[in-house]
Amino acid sequence: MLEKIKATASYIEDRIKARPETGIILGTGLGGLVKEIEIIDSIPYNEIPDFPVSTVDGHAGRLIYGKLGNIEVLAMQGRFHYYEGYSMKEVTFPVRVMKYAGVKQLFVSNASGGLNPEWHVGDIVIITDHINFFPEHPLHGKNENELGPRFPDMSKVYDERLRNKAKLIALEHNIHVKEGIYIGVQGPTFETPAEYKMFRIFGADIVGMSTVPEVITARHSGMKVFGISIITDSGVPGEIVEISHEEVQEVAMKAEPKMTLILKKLIESI
Ligand code: HPA
């Protein structure tokens, strides 16, 4: 595993001839930030040795190296979801590779279902903490001490300084943001009303099918993490309506410019 990670990181480094310290993982339908990046190189996932092969037709995904303002970034346009059939090692492989390619801070975005009854569809949420409700842990198995500790601390997962900066940026641009807890679940079904209720009782504000595995892996390897989410549908009793993936993408696209602005300004300010 370690050899594969190092070989893939070397491939990327040789190709881009740089070691960007900022990594970005953009959620499905949340690729707007890419338009803000001055792209220097773009590598389709299927050209990267040992990267998982995408299961979604026409959405192969790509790794982008470029500049956001003065900051060099390595951005994943499209991520690997557990529900697609990837193992947790595959889902988190790109984060391992990013670490060896020089990334020190990781910015992640996603779409989520809202559980907090005070919040609304279209709201932007700065993630303060998470609950790992995936059936398989990304660090399950023998620990490679070179990658990180056997029992990693998770008391401060989402960097407080970055969160405070993001709140300030939102305020300056008149964007209302919430702060809350994300619960990561395997999907691919959206929740039943009973499941939404259970996740709310667990203490979560939003629910989604990604992010937690990548974030755990990033923290295991010592990266700083910032996470941001768009509420695309409601899981609040009395507000739940039928939803589809297309509707989730539509709502995400509408709220995306605000989220993109926060991420762009935040990254440029590092
Ligand atoms: N549940 C799980 N994942 C999601 C949802 C949801 O309601 N909305 C967007 N991703």
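Me: Before we start, what should I know about the numbering and the model?

Reply: Residues are numbered from 1 along each chain as its sequence is written, and since this is a predicted model, local features need pLDDT of at least 70, side-chain atom pairs count only at pLDDT 80 or more, and totals for chains, interfaces and linings use all residues. Side-chain values use heavy atoms, with hydrogens and water left out.

Me: Okay. How do I describe two packed helices?

Reply: You give the angle between their axes and the distance between the axes. Helices here are DSSP runs of H or I with at least four residues, strands are runs of E with at least two, and both are numbered from the N terminus. An axis is a line fitted to C-alpha atoms, for helices over the stretch in contact, and angles run from 0 to 180 degrees between N-to-C directions.

Me: Which residues of α1 and α2 meet?

Reply: From α1 you have Leu2, Lys4, Ile5, Lys6, Thr8, Ala9, Ile12 and Glu13, and from α2 there are Phe93, Arg96, Val97 and Tyr100. Contact means heavy atoms within 4.5 Å. By class, the contact of α1 with α2 has 7 nonpolar, 1 polar and 4 charged residues. Ala, Val, Leu, Ile, Met, Phe, Trp, Tyr, Cys and Pro count as nonpolar, Asp, Glu, Lys and Arg as charged, and the others, Gly among them, as polar.

Me: Now α3 and α6: at what angle do their axes cross?

Reply: Helix α3 (residues 160-172) and helix α6 (residues 245-268) cross at roughly 125°, with axes that come within 9 Å. That makes α3 oblique to α6. This crossing is right-handed. On the α3 side the contact uses Leu162, Lys165, Ala166, Ile169 and Ala170, and on the α6 side Ile262, Lys265 and Leu266. Sorted by class, there are 6 nonpolar, no polar and 2 charged residues where α3 meets α6.

Me: Is helix α5 largely enclosed or exposed?

Reply: Look at burial: a residue is buried under 20% relative accessible area, exposed over 50%, and partly exposed in between (1.4 Å probe, protein chains only). In α5 (residues 212-220), 8 of the 9 residues are buried, so the rest of the structure largely encloses this helix. Among the buried ones are Val212, Glu214 and His220. Just after α5, glycine 222 takes a positive phi of about 85°.

Me: What about phi in other residues, and the peptide bonds?

Reply: Most residues other than glycine have a negative phi, and most peptide bonds are trans. Lysine 17, in the loop between α1 and β1, has a positive phi near 55°. With 70% relative accessibility, lysine 17 counts as exposed. Aspartate 50 also has a positive phi, near 65°, and is partly exposed at 43%. As for peptide bonds, glycine 187 and proline 188 are joined by a cis one, with omega about 0°. Proline 188 sits in the loop between β7 and α4 (193-202).

Me: Last one: is isoleucine 230 buried or exposed?

Reply: Isoleucine 230, in strand β9, is buried, with a relative accessible area of 0%. Residues that isoleucine 230 touches include Leu30, Ala111, Ala252 and Met259, not counting those up to four places away in sequence. Glutamate 172 in helix α3, at 59%, is exposed.

Methods
Parallel < 35°, antiparallel > 145°, perpendicular 65-115°, else oblique. Left-handed = near helix turned anticlockwise from the far one by under 90°.
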